[in-house]
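Please consult the sequence and the structure shown here.

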Amino acid sequence: MKTSPSLPFPAVARKLRAFGQRLRAARLRREISTILFCERINVSRDTLHRMEKGDWSIAIGTYMRALRVLGLDDDLDTLAADDVLGRKLQDLQLPTRKTRGVRKASATAPLDDPSGGSDGTSD
């Protein structure tokens, strides 16, 4: 039984729409027709239209082919290249240095009188 996949988060949908618009703009700047572009990336015109609208159900491999044809596939190397959050989480898992314990009081610090007297003499 085929089920429909869940919808993306609204922020993700906005980013995909913006990406689709940039993809279309890149194609138009290169003056590549929809027919030629579809042939080069091996998709139908309907699929290309959905890609340029930011359809979230299009496979990433299809987007990769489109970027390759446009000469923009190297841009993907920058995605998640610097994983700041992941590095912070990884650093939290690093073993911490164990301390030897509490340092003893220095010789110049006053010591408590165990006998309870202030000067150590008895009356």
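A residue counts as buried under 20% relative accessible area, as exposed over 50%, and as partly exposed in between. At 48% relative accessibility, Asp 46 is therefore partly exposed. The model is predicted.

**Helix α3 and its buried face**
- Helix α3 spans residues 45-52, and its buried residues are Thr 47, Leu 48, Met 51 and Glu 52.
- Viewed down the axis of α3, these residues fall within an arc of 135 degrees, so they line one face of the helix.
- The cover over them includes α1 (10-29), α2 (34-41) and α4 (60-70).

**Packing of α2 against α3**
- The axes of α2 and α3 are 9 Å apart and form an angle of about 95 degrees, which makes α2 roughly perpendicular to α3.
- From α2, Thr 34, Ile 35, Phe 37, Cys 38 and Ile 41 meet Arg 45, Leu 48 and Met 51 of α3.
- The residues of this contact comprise six nonpolar, one polar and one charged.

**Salt bridges**
- The count comes to six salt bridges.
- Arg 24 and Glu 52 form one of them, at 3.7 Å from N to O; this pair links helix α1 to helix α3 across 28 residues.
- Arg 24 is partly exposed at 40%, whereas Glu 52 is buried at 10%.
- Within α3, Arg 50 and Asp 46 lie four residues apart, about one turn of the helix, and their closest N and O atoms are 3.9 Å apart in a salt bridge.
- Asp 73 and Arg 68 also form a salt bridge (3.7 Å, N to O); Asp 73 is buried at 17%, and Arg 68 is exposed at 56%.
- Salt bridges with shared partners join Arg 24, Arg 27 and Glu 52 into one network.

How values were computed. Residues numbered from 1 in each chain as written. Predicted model: local features only at pLDDT ≥ 70, side-chain atom pairs only at ≥ 80, totals over all residues. Heavy atoms only, no water. Buried < 20%, exposed > 50% of the residue type's maximum accessible area, 1.4 Å probe, protein only. Helix = DSSP H or I, 4+ residues; strand = E, 2+ residues; numbered from the N terminus. Arc of directions from axis to C-beta. Contact = heavy atoms within 4.5 Å. Axes fitted to C-alpha atoms, helices over the stretch in contact; angles between N-to-C directions. Parallel < 35°, antiparallel > 145°, perpendicular 65-115°, else oblique. Nonpolar A, V, L, I, M, F, W, Y, C, P; charged D, E, K, R; others polar. Salt bridge = Lys/Arg side-chain N within 4 Å of Asp/Glu carboxyl O.
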